[in-house]
Amino acid sequence: MDKRKLEENFFIGMMIASTLLVLGGLMSVLIVVLLRGAPALSISMLTQTPKGGYYLGKEGGVLNAIVGSIYLACGATAIALVISLPTALYLSEHARKSKLGSFARQSLDVLWSVPSIIYGVFGFTIMVYLGMRASLLGGIVALALLELPIMTRVMDEVMKMVPSKTKEASYALGATKAETALNVICRQALPGIVMAVLLAFGRAIGDAASVLFTAGYTDYIPRSLFDPAASLPLAVFFQLGTPFPEVQQRAYASGFILLVIVLSLSVASRFLAKRSARYVIR
Amino acid sequence: MNTRRLKDLLASKLMFSTVILSMLIVFVMALALLQRSMLILRTQSLGELFLSSSWHPWQGEFGFYPFIVGTLWTTALAMVFSVPPSLLMSIYLSEYAPNKVRGIVKPMIDLLAGIPSVVFGLWGVLLVVPFIRDYVAVAAGVTTTGYAMITGAIVLSIMVSPIIISVSEEVIRTVPREAREASIALGATKWQTVKHVTMRSAFPGVVAAVILGFGRAFGETMAVLMVVGNVPQVPSSLFDPAYPLPALIANNYGEMMSIPLYDSALMLAALFLLLVVLLFSVAAAALLVGVKRRYAIG
């Protein structure tokens, strides 16, 4: 066999090996966490808040963290959506190629790559400045900042795809820019908007470093925006850090719950995007 | 002016202000962190802070050197582990893989990219730590708890591979088909074409993908914090524990409000992280714009 063919075959072999290695590594994350988490899971993990002595191995569950995480992610997603939807509309409609547009996109991309710990530190700095303690509200704001660039940039990309003919048809009927944005672009880009929202939600619910200082941790379900709130990622982190095997088991179970939530969100986003594609004119 | 016009005007003003707001966040963040780190910058010089390895916060000595070295080593090592297989995989997906395989693998990579960092950390504690302690370290003839720099690097390398793969795969696919066909027509094999034509054209974009992965690894906090050992010393081997900057911030910030200088030192660490990531992200964007412009259709 000639040398060139040999080289080609060698590299194809390497490529397939690498693909298997990377996929195997990533799949092993799923498999290990699901397999070790499942046996540790129980009904009381899902339905109870920690009782006295929980962190020494006594009974209770992580309902506080589950509810806390859902509150945090929902609040953050709501705030981020309110800011990012108009931003994305503006970027794709008014500033498609302008200097402002490219600068805004660039700074959003930078924001996207900012480590989540920085959001936590920044959020906490602002909270100290305002005299607030670690609270649900603080966590929501930090996570909203984290979600903002993800949502805006994904929506922006999707809105760019809306064919200009569809928009022109709307303008030709006498609709203003705002009316077109609301009734045509939002409707046409709906599958992408749904994807963007769920993607950002999934990112927020799994993030630990940004809520570490801002939302704090508590054994109770928060009753107001100014109560501290627990979250699932931190439940994994803190319980894993205790020296008791029973409690570490619960960290595995919490990891299982978190992973299942994130994966089902991801699958749901694909499904919902498909369903909402019904309204799209092709 | 009629109400529809008025509504339109209001809507565009509102949209404009949200754009300005979201644009300013990065700058506000940097300024806030700078303002809070002024205290330590006034008392100590940057050289002293970054090059001294004496970390004794209670005596007012804040040498970041061990933490910076820890961050750089773990990140660099993670890139060494993850770049070659990720690049080979993205070449495979974009050039060789049958459509069926790509159709399955690509969504899987997207799905796996969304796994939260604590889950990676948990995986590290459950699988990688014992693996390093019981097999790798034994084979290398050293003893370690398994909570070591190499463990952090392995966890990070798996974590950042999806971003490197998806960005570089996308870039490789933008190389025009004509360029490949010209090379094939000259009698080059497929691999020669990949090596001399496709990858050469896609090179800046692939570099951008690697930079993005580096940036992600550099600032990653929880997954690393859980497996890397967190001992404030300059690591001297792969099996030594390290203490990267984000872990330092996560472990100490918030409780240290009572000591203004300590608080300020941690803010400086956060500012440093932010600036490095900012630099990387701008560099990656510039490279990607270059690639896209070169192959802009029309």
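**A helix pair in chain A**

Modeller: In this predicted model, Thr166(A), Lys167(A), Ser170(A) and Tyr171(A) of helix α7(A) meet Thr180(A), Val184(A), Ile185(A) and Gln188(A) of helix α8(A). Sorted by class, this contact comprises three nonpolar, four polar and one charged residues. Helix α7 covers residues 164-172 of chain A and helix α8 covers residues 177-188 of chain A. Their axes come within 10 Å and cross at roughly 155 degrees. Angles over 145 degrees count as roughly antiparallel, and α7(A) and α8(A) are therefore roughly antiparallel to each other. The crossing in which α7(A) passes α8(A) is right-handed.

A helix pair in chain B may be set beside this one. Helix α3 (residues 65-96) and helix α8 (residues 190-219) of chain B have axes that come within 10 Å and cross at roughly 140 degrees. With that angle, α3(B) and α8(B) are therefore oblique to each other. Their crossing, too, is right-handed. On the side of α3(B), the contact is made by Thr71(B), Thr75(B), Ala78(B), Met79(B), Ser82(B), Val83(B), Leu87(B), Ile91(B) and Glu95(B). From α8(B) come Val194(B), Thr198(B), Val206(B), Val210(B), Gly213(B), Phe214(B), Ala217(B) and Phe218(B). By class, the contact of α3(B) with α8(B) has 11 nonpolar, five polar and one charged residues.

Helix α11 of chain A, residues 232-240, shows another kind of setting. Eight of its nine residues are buried, so this helix is largely enclosed by the rest of the structure. The buried residues are Leu232(A), Pro233(A), Leu234(A), Ala235(A), Val236(A), Phe237(A), Gln239(A) and Leu240(A). Within chain A, the buried residues of α11(A) pack against α3 (63-93), α10 (211-214) and α12 (245-276). They also pack against α5 (117-140) and α9 (222-227) of chain B.

That last point leads to the interface between the chains. In total, 70 residues of chain A are in contact with 67 residues of chain B. Helix α1 of chain A (residues 3-37) supplies the largest share of the side of chain A that touches chain B, namely 21 residues. By class, this side of chain A has 45 nonpolar, 17 polar and eight charged residues.

Methods
Residues are numbered from 1 along each chain as its sequence is written. Chains are lettered from A and ligands numbered from 1 in the order in which they are written. This is a predicted model: local features need pLDDT of at least 70, side-chain atom pairs count only at pLDDT 80 or more; totals for chains, interfaces and linings use all residues. Two residues are in contact if their C-beta atoms, placed from the backbone, lie within 7 Å. Helices (H or I, at least four residues) and strands (E, at least two) are DSSP runs, numbered from the N terminus. Ala, Val, Leu, Ile, Met, Phe, Trp, Tyr, Cys and Pro count as nonpolar, Asp, Glu, Lys and Arg as charged, and the others, Gly among them, as polar. A residue is buried if 20 or more other C-beta atoms lie within 10 Å of its own, exposed if 12 or fewer, and partly exposed in between; C-beta atoms are placed from the backbone. Axes are lines fitted to C-alpha atoms, for helices over the stretch in contact, and angles run from 0 to 180 degrees between N-to-C directions. Angles under 35 degrees count as roughly parallel, over 145 as roughly antiparallel, 65 to 115 as roughly perpendicular and the rest as oblique. A crossing is left-handed if the near helix is turned anticlockwise from the far one by less than a right angle, and right-handed if clockwise.
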